[in-house]
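Here is a short briefing on how a protein chain packs. Look over the sequence and the model first, then read on.

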Amino acid sequence: MNTIQGSPKRRGQRSREQAQRNPTSPTTGEDAEFKKSDATRRRILDAAALVMSREGFAGTKLSDIAGEAKVKIATLYYYYPSREDLVEAVLVSGSRHVREHTQEAVSRLAVSVTPLERLCVAVEAHLRYILEISHYTEAAVRNSGQVPERIREATRAEQSKYGRLWQELIDAAVAGTPSTTAQRKALRMLILGGLNWTVEWWSAKQMPIDDLVEAALALTRAAVNKARR
């Protein structure tokens, strides 16, 4: 199977973000307490992201998060005053992580790579990230429409940054065509919406992720080529 040159393809079983982190060994005294506190906060966030990606906002319970993080519920409240504050932290992190990951994948490309192939690299990076790498981003994708307005408002800045990145990629890919601003915006929303919806239906048992990626790339190329006519 052909792969986009420079794309962040990953094969086989992928560990999630929390399995990839190896906190440095704490020192002593106040530094040790700080590092322990920071590690506990991270463990709570990791657990919340996992539970939210699995159960959704409505089904996420503090008792489940505490059990996954192996801490008492009182410890959750020590770090996060409410369930909503914890959910907000997960969603903001998820939105930021996928933006940084996709931006990095695109920035590594040579200047000779065409705008369409740059867009395709972003498609693959985003898709593999939400399905293979990050419970945080999966939680953000699955729950952004379910959370209260206050939480949505908190995540809006990060989502806007990511939206601008995608709009720039799409505008470059269809440059020189008679497409309107509204049509280019619609293309961005259709591509991202289709990619994000995969968290609701895709599983490795149903199809290999490589096949899913190839289908997404084919659809992206077809949509851009159609806009160019």
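This is a predicted model: local features need pLDDT of at least 70, side-chain atom pairs count only at pLDDT 80 or more; totals for chains, interfaces and linings use all residues.

- On the α6 side, the contact is made by V123, H126, L127, I130 and L131. On the α9 side, I191, L192, L195, N196, T198 and V199 take part.
- A second pair is α5 and α7, where α7 covers residues 135-143. Their axes come within 7 Å and cross at roughly 110 degrees.
- Angles from 65 to 115 degrees count as roughly perpendicular, so α5 and α7 are roughly perpendicular to each other.
- The crossing of α5 and α7 is left-handed.
- From α5, the residues V90, L91, S93, G94, S95, H97 and V98 meet α7. Their partners in α7 are Y136, T137, A139, A140 and N143.

**The nonpolar cores**

- In soluble globular proteins, nonpolar side chains tend to be buried together.
- The largest nonpolar core here has 31 residues. The members that touch the most others are L119, V123, L127, L131, W166, I191 and L195.
- A second, separate core holds 26 residues. Among them are A48, A49, L62 and L76.

- What does V123 contact, leaving aside neighbours within four places in sequence? The partners of V123 are W166, I191, L195, A216, L217 and T220.
- T220 sits in helix α10. Is T220 buried or exposed? Its relative accessible area is 4%, and under 20% counts as buried, so T220 is buried.
- Not counting residues up to four places away in sequence, T220 touches L119, C120, V123 and I191.
- E214 is also a residue of helix α10. Its relative accessibility is 27%, so E214 counts as partly exposed.
- E214 and E124 are 90 residues apart along the chain. Their C-alpha atoms are separated by 8.6 Å.

**Helix α3 and what follows**

- Helix α3 covers residues 62-69. Its buried residues include L62, I65, A66 and A69.
- Why do the buried residues of α3 line one face of the helix? Seen down the axis of α3, they fall within an arc of 100 degrees, so they line one face.
- An α-helix has 3.6 residues a turn, so residues three or four places apart point the same way.
- K70 follows α3 and lies in the loop between α3 and α4 (73-79).
- Most residues other than glycine have a negative phi. K70 is not a glycine, yet its phi is positive, at about 60 degrees.
- Is K70 buried or exposed? At 72% relative accessibility, K70 counts as exposed.

Key. Residues are numbered from 1 along each chain as its sequence is written. Side-chain values use heavy atoms; hydrogens and water are left out. A nonpolar core is a set of buried Ala, Val, Leu, Ile, Met, Phe, Trp, Tyr and Cys residues joined through side-chain atoms within 4.5 Å. Buried means under 20% relative accessible area, exposed over 50%, partly exposed in between (1.4 Å probe, protein chains only). Contact means heavy atoms within 4.5 Å. Helices (H or I, at least four residues) and strands (E, at least two) are DSSP runs, numbered from the N terminus. The arc is that of the directions from the helix axis to the C-beta atoms. Axes are lines fitted to C-alpha atoms, for helices over the stretch in contact, and angles run from 0 to 180 degrees between N-to-C directions. Angles under 35 degrees count as roughly parallel, over 145 as roughly antiparallel, 65 to 115 as roughly perpendicular and the rest as oblique. A crossing is left-handed if the near helix is turned anticlockwise from the far one by less than a right angle, and right-handed if clockwise.
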